[in-house]
Amino acid sequence: GVITNTGGAVRVQTLPGQENYPAVNANGIQSQVLSRWASSFSVTAGAKNAALEAVGRSVSTARPSTGKRPKKTVDKKAGNKDCKADIAFLIDGSYNIGQRRFNLQKNFVGKVAVMLGIGTEGPHVGVVQASEHPKIEFYLKNFTATKEVLFAIKELGFRGGNSNTGKALKYTAQKFFSLENGARKGIPKIIVVFLDGWPSDDLEEAGIVAREFGVNVFIVSVAKPTTEELGMVQDIGFVDKAVCRNNGFFSYQMPTWFGTTKYVKPLVQKLCSHEQMLCSKTCYNSVNIGFLIDGSSSIGESNFRLVLEFVSNVAKAFEISDIGSKVAAVQFTYDQRTEFGFTDHATKEKVLSAIRNIHYMSGGTATGDAISFTTRNVFGPVKDGPNKNFLVVLTDGQSYDDVRGPAAAAQKAGITVFSVGVAWAPLDDLKDMASEPRESHTFFTREFTGLEQLVPDIIRGICKDFLDSKQ
């Protein structure tokens, strides 16, 4: 652009192809120039007749002048330590948005990145592009300096195709936040979904997957579908179904991609509100699971090993730690034996090793007594803790005592009961023990080898109950 100085006012003539320049007035630049990546000009007003002082600055320090005194400088490398977040920007790269608006979208994402204060101890960001197939453009670990992030955003190529946002959201929730790709333990995971118009696929399932993975989904919708276009939208309530919580906090609207500077700061403030990230607590890191294992004579040593393998595989799915999920195990015949309690092992390795070392008791089957024993002795000490409590009962036969009363008492104490029966376990017993709705809390397999197939169902059941309890 050509900057002309007429008295006190500064005007910018836009040259073709440079529509992304910000408006400039006598008080200086209003928005950061992100379309001139290598250096930008900060314009400072001097006396009445503003002397233009052009200072070549790298973008990461270019600052909109607000008339206020500059804030104290942040340690650039460490970044903004008050904004703890691992953020994936899921940008719209479909034909719906087109090349020109795609560039405006990149500009906006760049401005958000600058204001976040990226750094080693501050927020980390990466970008995924949604189009026909999702593409992870760069991961959290690739860049920890604003300048590098801006350059990477500038270099993004437009992909085109359908805006399969649901597919991209699910993919990002599952693949983006692994520890080897730079996600940090205990720091909120956030996906900011940019949507121009509407998604061409379904977002509901993707939203559920993201919540299960502990990801806080924000949707930034730009240019809502017009009345004529609404017929093409699969699900008009897609925003409410995809976001972390349908409470207004996780959705953000901009009328158009033009003049978006004023929307940067409010969005950044949301992304940095650590305590609002309600989806960071997940079934994987916020449950106590007690296993009540039948050790009766009818099972036999080799089948008992298959039972322990089942217990291990369910436990493996959870983030076990002193601040995360916890696991306990009780074996029963006519008698009960606490193999280990919730506070005995603080890591997954130790829990799995303790499960492997359980010795088979052999004896009768008094399941009701065992449930009462576990409710009192194993869940009693943690009942006021933050985690949600689950009991998985594994049995291969008829109980000699009443199971209904003890199971009802366990449920009254806030414990969700799943019953898993093998071989001769009567369905009536299993249903009497299980929490409501009984169908989804009761499992049965003829053979001990069939337990393996039930693992994902139990994990999914625990996660579903956990989510339902949080809504």
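## Close-up views of a predicted model

The structure holds twelve salt bridges, a salt bridge being a side-chain nitrogen of Lys or Arg within 4 Å of a carboxyl oxygen of Asp or Glu. This is a predicted model, where local features need pLDDT of at least 70 and side-chain atom pairs count only at pLDDT 80 or more, while totals for chains, interfaces and linings use all residues. Residues are numbered from 1 along each chain as its sequence is written, and side-chain values use heavy atoms, with hydrogens and water left out.

**View 1. A salt bridge joins Glu-205 and Lys-170.** Look for the N to O distance of 3.0 Å between these two side chains. The pair links distant parts of the chain, 35 residues apart: Glu-205 sits in helix 4 (residues 204-212) and Lys-170 in helix 3 (residues 165-175). Helices here are DSSP runs of H or I with at least four residues, strands are runs of E with at least two, and both are numbered from the N terminus. Glu-205 is partly exposed at 46% relative accessible area, and Lys-170 is partly exposed at 26%. (Buried means under 20%, exposed over 50% and partly exposed in between, using a 1.4 Å probe and protein chains only.)

**View 2. Lys-135 meets Glu-137 in a salt bridge.** Here the N to O distance is 3.4 Å. Lys-135 is partly exposed, with 36% relative accessibility, and Glu-137 is partly exposed too, with 21%.

**View 3. Glu-339 and Arg-337 form a salt bridge.** Their side chains come to 3.1 Å, N to O. Glu-339 has a relative accessibility of 22%, and Arg-337 has 33%.

**View 4. Thr-365 lies in a loop and is buried.** You will find Thr-365 between helix 8 (348-356) and helix 9 (367-379). Its relative accessible area is 7%. Leaving aside residues up to four places away in sequence, Thr-365 touches several others, among them Asp-294, Phe-332, Tyr-334, Thr-395 and Tyr-400. Contact means heavy atoms within 4.5 Å.

**View 5. The largest cavity has a volume of about 40 Å³.** On a 1 Å grid over the protein atoms alone, a cavity is a set of points where a 1.4 Å probe fits but cannot get out, and lining residues have an atom within 4 Å of a point. Grid points are joined across faces, edges and corners, and the volume is the space filled by probe spheres set on the points. The lining includes Asp-294, Leu-394, Thr-395 and Val-420. Strand 16 (388-395) and strand 17 (415-422) each supply at least two lining residues.

Terms used: On a 1 Å grid over the protein atoms alone, a cavity is a set of points where a 1.4 Å probe fits but cannot get out, and a pocket is an open set with protein on both sides within 12 Å along at least five of seven lines; lining residues have an atom within 4 Å of a point.
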